[in-house]
Amino acid sequence: MNDDHRTTFVSETREHITDLNNALLALEDDPTDAEAMDAVFRTAHTLKGNFAAMGFTDASSLAHAMEDLLDEMRTGEMTVSSEVMDVTFDAVDRIEAAVGAIEAGED
């Protein structure tokens with residue numbers, strides 16, 4: 001991957017992370033907010049796919065696990081609770097760390 005591709009990937013991924021955090025905050029404020037839930041799930045799905053397409057398998061696996069958790073909340077199998085939100089925000093923090101490592105040239 002050349003530097004231009006990496007820079008573009010990192011920039012776009014950071015935008016997705018910002019969108020994800022904003023939607024998670026909205027969901028945390030109102031666990032019944034279907035629009036926020038859809039946005040959270042859609043963004044996690046996009047992150048998973050983008051990481052996989054670029055060959056970042058560890059980050060893709062983490063995003064996939066987060067997507068699975070969000071899907072359980074979306075389908076009502078799991079309730080949106082402060083504990084679940086803490087885990088989800090932790091996953092986003094780890095994804096942000098992975099993006100930092102990617103930006104630094106790590107795979």
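The crossing of helix 3 and helix 4 is left-handed. Please keep in mind that this is a predicted model.

Two packed helices are described by the angle between their axes and the distance between the axes. Here, helix 3 covers residues 57-74 and helix 4 covers residues 82-103; the angle is about 160° and the axes are 10 Å apart. Angles over 145 degrees count as roughly antiparallel, so that is the term for helix 3 and helix 4.

Which residues meet? From helix 3 they are Ala59, Leu62, Ala63, Met66, Leu69, Leu70 and Met73; from helix 4, Val84, Val87, Thr88, Ala91, Val92, Arg94, Ile95 and Ala98. Sorted by class, the contact of helix 3 with helix 4 has 13 nonpolar residues, one polar and one charged.

Next, alanine 44, which sits in helix 2, residues 34-54. Is alanine 44 buried or exposed? Its relative accessibility is 0%, so alanine 44 counts as buried. Setting aside neighbours within four places in sequence, alanine 44 is in contact with Ala63, Met66, Glu67 and Leu70. Aspartate 68 is 24 residues away along the chain, and its C-alpha atom is 9.3 Å from that of alanine 44.

Last, threonine 13, in helix 1, residues 3-29. Threonine 13 counts as buried because its relative accessibility is 2%. What does the side chain of threonine 13 reach? It reaches the backbone oxygen of phenylalanine 9, at 2.7 Å. Beyond neighbours within four places in sequence, threonine 13 is in contact with Leu47, Phe51 and Val99.

Note on methods: Residues are numbered from 1 along each chain as its sequence is written. This is a predicted model: local features need pLDDT of at least 70, side-chain atom pairs count only at pLDDT 80 or more; totals for chains, interfaces and linings use all residues. Side-chain values use heavy atoms; hydrogens and water are left out. Axes are lines fitted to C-alpha atoms, for helices over the stretch in contact, and angles run from 0 to 180 degrees between N-to-C directions. Helices (H or I, at least four residues) and strands (E, at least two) are DSSP runs, numbered from the N terminus. Angles under 35 degrees count as roughly parallel, over 145 as roughly antiparallel, 65 to 115 as roughly perpendicular and the rest as oblique. A crossing is left-handed if the near helix is turned anticlockwise from the far one by less than a right angle, and right-handed if clockwise. Contact means heavy atoms within 4.5 Å. Ala, Val, Leu, Ile, Met, Phe, Trp, Tyr, Cys and Pro count as nonpolar, Asp, Glu, Lys and Arg as charged, and the others, Gly among them, as polar. Buried means under 20% relative accessible area, exposed over 50%, partly exposed in between (1.4 Å probe, protein chains only). A polar contact is a pair of N or O atoms within 3.5 Å; within protein, one must be able to donate a hydrogen and the other to accept it, and residues adjacent in sequence count only if both atoms are side-chain atoms.
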